[in-house]
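Me: I'm just starting out with protein models, and I'd like a close look at a single part of this one. Could you walk me through the part that a database record marks out, and what lies around it?

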Amino acid sequence: MAGTGLGSRLYKQIKRHPALIPMIGFIGLGMGSAALYLLRLALRSPDVCWDRKNNPEPWNRLSPNDQYKFLAVSTDYKKLKKDRPDF
């Protein structure tokens, strides 16, 4: 087995055991969705600050109507009013 790559070994295992195809597909789907969720958290979350010089506190720029949660079950963000001062 020396000199063979990971892809060729995986291909041989899949040819020998075709029942591995759904498992590899679901594992790939799970890894891809986890990576996309982490990317969404890094780019859209108000807790993450990439530009400290121009916007040191990005959470102060959010209005009450901004939905930054992934899933809001019972909250209608369009009806919320501003109840805090501007800084």
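Reply: Happy to! The protein chain has 2 helices and 0 strands; helices (H or I, at least four residues) and strands (E, at least two) are DSSP runs, numbered from the N terminus. This is a predicted model, where local features need pLDDT of at least 70, side-chain atom pairs count only at pLDDT 80 or more, and totals for chains, interfaces and linings use all residues. Residues are numbered from 1 along each chain as its sequence is written, and side-chain values use heavy atoms, leaving out hydrogens and water.

Now for the part itself. UniProt, in an unreviewed entry, places a "transmembrane region" at residues 20-43; its positions are given in the numbering used here, feature names are shortened, and annotations may be inferred rather than shown by experiment. That span is 100% helix and 0% strand, and its end C-alpha atoms lie 35 Å apart.

Next, look at the surface. Leu10, Met23, Ile24, Ile27 and Met31 form a nonpolar patch there, with about 470 Å² of accessible area together. Such patches are made of residues with over 30% relative accessible area and no salt bridge, with nonpolar side chains (Val, Leu, Ile, Met, Phe, Trp, Tyr) joined within 5 Å and like charges within 9 Å. A salt bridge is a side-chain nitrogen of Lys or Arg within 4 Å of a carboxyl oxygen of Asp or Glu. Areas come from the Shrake-Rupley method with a 1.4 Å probe, and for residues only the protein chains shown count as cover. Helix 2 (residues 20-44) gives the largest share of the patch, 4 residues. Ile27 lies in helix 2 and is partly exposed, because its relative accessible area is 45%; buried means under 20%, exposed over 50%, and partly exposed in between (1.4 Å probe, protein chains only).

What does helix 1 bring to the picture? Ile14 lies in helix 1 (residues 6-16). Ile14 touches Ile21 and Ile24, not counting residues up to four places away in sequence, where a contact means heavy atoms within 4.5 Å. The C-alpha atoms of Ile14 and Ile24 are separated by 9.5 Å. At 24% relative accessibility, Ile14 is partly exposed.

Past the other end, Asp47 sits in the segment after helix 2 and counts as exposed at 64%. Its C-alpha atom is 6.7 Å from that of Trp59, 12 residues apart along the chain.
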